[in-house]
Amino acid sequence: MHRGVRARRPGAAVVSGLQVGTEIGRASYPLERADLVRYAGASGDLNPIHWNERVAREVGLPGVIAHGMLTMATAVRLVVDWCGDPGAVLDYGVRFTRPVVVPDPGAAVVEVVGTVGAVDEEAGTVRVDLTVTCEGRPVLSRARAVVRRDALERR
């Protein structure tokens, strides 16, 4: 569904040197209207603000916006690619800061940067903090994923 463009490949090379502040990677994920339609069908969220420009503007939005859960799922792809196992993500949460307006034609590009926010040796986990922006403005805040460290060591 998504096409990610990585500026730098996240990977196992980072595992041995995990420290707070270590960047795990960064990626750009374009979202097009077709992605919104596919997500609406899969999720059952058929709210027209996600596909109809007129309705979106009538309710005061600047245009059609991506589903918040789609934006959230798009952002965590960086973490999943880094750890190599979606099952290794033990917890993930965000706050929605600003909607992602998806133009037609074209795409909104969600930029994601992940850094190590905490390493808990006793629990065997790593918290990854995500900075998520679109057009240079934050769209998610407090985006944090907790990953099992053993998944990183198997890579």
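Hi everyone. A word on ground rules: this is a predicted model, where local features need pLDDT of at least 70 and side-chain atom pairs count only at pLDDT 80 or more, while totals for chains, interfaces and linings use all residues. Residues are numbered from 1 along each chain as its sequence is written, and side-chain values use heavy atoms, with hydrogens and water left out.

Let's start with the overall layout. The protein has four helices and six strands. Here helices (H or I, at least four residues) and strands (E, at least two) are DSSP runs, numbered from the N terminus.

How much of the protein is buried? Of its 155 residues, 44% are. Buried means under 20% relative accessible area, exposed means over 50%, and partly exposed is in between, using a 1.4 Å probe and protein chains only.

Now let's look inside. In soluble globular proteins, nonpolar side chains tend to be buried together. A nonpolar core is a set of buried Ala, Val, Leu, Ile, Met, Phe, Trp, Tyr and Cys residues joined through side-chain atoms within 4.5 Å. The largest one here has 43 residues, and V79, W82 and Y92 are among those with the most contacts inside it. Which helix gives the most to this core? Helix α3, residues 68–83, with eight residues.

Let's zoom in on V79. Leaving aside residues up to four places away in sequence, V79 touches I24, V89, V128, L130, A145 and V147. Contact means heavy atoms within 4.5 Å. Across the protein, among contacts with a separation of 6 or more, 67% are between residues 24 or more positions apart.

Finally, the backbone. D104 and P105 are joined by a cis peptide bond, with omega about 0°. You'll find P105 in the loop between β3 (89–96) and β4 (108–120).

Two residues other than glycine have a positive phi: E135, near 55°, and R142, near 45°. E135 lies in the loop between β5 (125–134) and β6 (137–148), whereas R142 is in strand β6. Buried or exposed, what is E135? E135 is exposed, with a relative accessible area of 75%. R142 is partly exposed, at 48%.
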